[in-house]
Amino acid sequence: MHDDRIIRAAPLTAQAFSPWGQVIEAAGAPDRLINEGRCGRWHDRAALDVEGRAGISVFRSESVRLPYRFGLVERHPLGSQAFLPMTENPFLVIVAPDEGVRPGRPLAFVTAPGQGINLARGAWHGVLTPLGDPGLFAVVDRCADGPNLQEYRWDQDWTVLG
């Protein structure tokens with residue numbers, strides 16, 4: 001394993017993740033109270049950006065353990081993609097800067113309980129990577145026909161450490 005192919009996963013924060021999208025969470029005080037004051041609403045926390053129709057799907061993925069090896073990232077040029085965990089288990093978020101037709105050096109984040117993400121349209125990212133079972137997610141993304149997937153595979157794998 002080459003040391004230059006090792007990535008240390010950091011805790012997911014809105015600031016660190018902002019080049020690739022938004023963190024979706026109920027952090028800080030709610031924007032408003034609704035339902036006779038019993039419910040806090042954190043309003044408009046992610047920007048859906050899709051060509052065509054957006055929809056809600058449910059994904060169930062096998063979990064992985066750290067260290068985690070990967071060589072594949074993907075992006076969706078026609079729409080954003082929000083991952084909302086349906087459990088309290090953390091998941092690994094892998095992203096990479098866009099260097100034109102290929103991704104740059106990847107970064108990795110680990111979510112805290114209650115955090116989801118919205119990947120911006122065209123953001124290079126790893127595949128769904130839950131760190132516990134069940135890896136169950138509601139996903140809000142483009143559900144229209146047409147080519148909305150670009151994949152990139154590196155010649156050598158990267159390794160994410162916790």
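**The pocket and its surroundings**

By class, the residues lining the largest pocket are ten nonpolar, six polar and three charged, where Ala, Val, Leu, Ile, Met, Phe, Trp, Tyr, Cys and Pro count as nonpolar, Asp, Glu, Lys and Arg as charged, and the others, Gly among them, as polar. This is a predicted model, in which local features need pLDDT of at least 70 and side-chain atom pairs pLDDT 80 or more, while totals for chains, interfaces and linings use all residues. Residues are numbered from 1 along each chain as its sequence is written, and side-chain values use heavy atoms, with hydrogens and water left out.

Of the 19 lining residues, Glu74, Gln81, Phe83, His125 and Gly126 lie nearest the centre of the pocket. A pocket here is an open set of points on a 1 Å grid where a 1.4 Å probe fits, with protein on both sides within 12 Å along at least five of seven lines, and lining residues have an atom within 4 Å of a point. Strand 9 gives the most to this lining, with four residues, strands being DSSP runs of E of at least two residues.

Turning to Gly40, we find this residue in strand 5, residues 39–41, and, leaving aside neighbours within four places in sequence, in contact with Pro30, Arg32 and Leu33, contact meaning heavy atoms within 4.5 Å.

As for the cysteines, the structure holds zero disulfides, a disulfide being a pair of cysteine sulfur atoms within 2.5 Å.
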